[in-house]
Amino acid sequence: MAIIKCIHSNKAIILHTQNRIGRNKKVSTIHIAENDISQSHAVIEWKNGDWYLQDCSRNGTLISKKYFHHASTKLKENDIIQFGRDESTKYQVVNLNPPVSYLVSLSNPETIMELGNFEKITNDENEEILFYYSSDMCWKAETESYSIKFEHEKTYRLNNDNWLFVENEPLDATIDTRNLVDQAEFQFKVSEDEESVQVNITIDGLKLDLGERSHHHLLLILARKRFSDSKEDSLTNNCGWLDVENLVSQLSKELYKTVDEYYINILIHRFRKQLFGLKPYGYLFSEVIERKKGKIRFAHPLFNISQESHLSIA
């Protein structure tokens with residue numbers, strides 16, 4: 001994440017995708033109270049893969065001793081930005097990394113957890129928490145037993161601490177990744193006896209190999225349900241949903257053991273964990289399994305199921 005630091009106070013400020021600097025507290029994300037600072041003095045924003053400063057003030061802004069007035073310039077690391085005459089208005093550009101969403105510990109505000117694509121931590125109960133950016137463009141946290149959908153500037157209890165969530169996703173990156181997901185195809189390779197299910201994802205000419213895992217049987221059942229429903233015109237926009245009880249029954253037969261809903265949760269959690277370790281794009285498919293009350297479905301529309309003895313395409 002990008003940071004500028006006030007040279008006078010040594011206070012570090014995390015840059016959001018757009019940051020308005022000025023004397024007006026109501027509109028400024030970075031408030032400077034000095035009289036020679038304009039109400040809306042300047043804007044620092046992430047644009048086309050770089051950070052830019054746009055001066056909007058009556059007196060201008062100095063950037064590494066160069067004067068800018070109603071003009072824009074690309075920032076560089078270690079630039080010194082001076083918004084007014086007083087030393088308290090001088091800031092140093094510490095780094096210019098892309099903006100990312102993050103969590104701030106309320107007990108120790110200097111403790112910040114960056115959420116870049118995905119993260120995972122182990123809590124005090126030795127339970128793994130996965131943090132991921134979902135297909136509906138929001139951050140979530142998940143364990144084998146619960147899931148949290150984060151909302152901007154809301155507080156959440158995680159790992160025996162309270163954390164403030166700050167949403168800070170660049171729009172251009174969101175659009176690019178959405179296009180990659182839409183073009184991808186899941187490929188299922190099923191053995192003749194159906195004991196082995198291998199899964200690959202082809203995306204932008206690249207094959208992501210998920211190998212053979214027990215949770216792929218779950219994916220296969222859901223993909224077949226979606227394929228079956230897709231043949232019915234009345235279900236075109238809402239196909240693939242399978243009752244959890246039905247899924248538990250089918251999966252018990254596939255795995256030759258009794259499973260329950262909690263075991264389904266474990267399989268979904270393991271699948272997401274596997275995706276997160278599949279670079280460079282595995283994390284983009286974290287929400288390929290969708291859930292609503294009492295129902296689950298395979299959400300991706302493009303997939304191919306092949307079996308050793310025959311081929312079926314969806």
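**Note on the predicted model: cores and sheets**

1. Setting aside neighbours within four places in sequence, phenylalanine 285 is in contact with Val181, Ala184, Phe186, Ile201, Ile203, Leu275 and His300. The structure discussed here is a predicted model.

2. Phe285 also belongs to the largest nonpolar core, which has 44 residues. Within this core, Phe285 is one of the residues that touch the most other members, together with Phe186, Phe188, Leu218, Ile289 and Phe298. The element giving the most to this core is H4, with seven residues. A second core of 22 residues is separate, and includes Cys6, Leu15, Ile32 and Phe83.

3. Three strands make up an open antiparallel sheet, ordered E23-E25-E24. E24 is joined to strand E25 (residues 295–298) by four bridges, and the two run antiparallel. In this pairing, glutamate 290 stands opposite arginine 297 in E25.

4. Helix H2 (residues 215–230) lies across E23, E24 and E25, and runs at about 85° to E25.

5. Another open sheet contains six strands in the order E2-E1-E11-E10-E7-E8, with antiparallel pairing. Strand E2 (12–14) and strand E8 (66–68) stand at its edges; because each has a single partner strand, one side of each lacks a neighbour in the sheet. On average, neighbouring strands of this sheet are turned by 30° against each other, direction ignored.

6. Isoleucine 80 stands opposite glutamine 92 in E11.

7. Five of its six residues are buried, so E15 is largely enclosed by the rest of the structure. E15 pairs with strand E16 (residues 139–142) in the antiparallel sense, over four bridges. Tyrosine 133 has tryptophan 139 as its bridge partner in E16.

Technical notes: Residues are numbered from 1 along each chain as its sequence is written. This is a predicted model: local features need pLDDT of at least 70, side-chain atom pairs count only at pLDDT 80 or more; totals for chains, interfaces and linings use all residues. Side-chain values use heavy atoms; hydrogens and water are left out. Two strands pair if DSSP finds at least two bridges between them. Axes are lines fitted to C-alpha atoms, for helices over the stretch in contact, and angles run from 0 to 180 degrees between N-to-C directions. Buried means under 20% relative accessible area, exposed over 50%, partly exposed in between (1.4 Å probe, protein chains only). Contact means heavy atoms within 4.5 Å. A nonpolar core is a set of buried Ala, Val, Leu, Ile, Met, Phe, Trp, Tyr and Cys residues joined through side-chain atoms within 4.5 Å.
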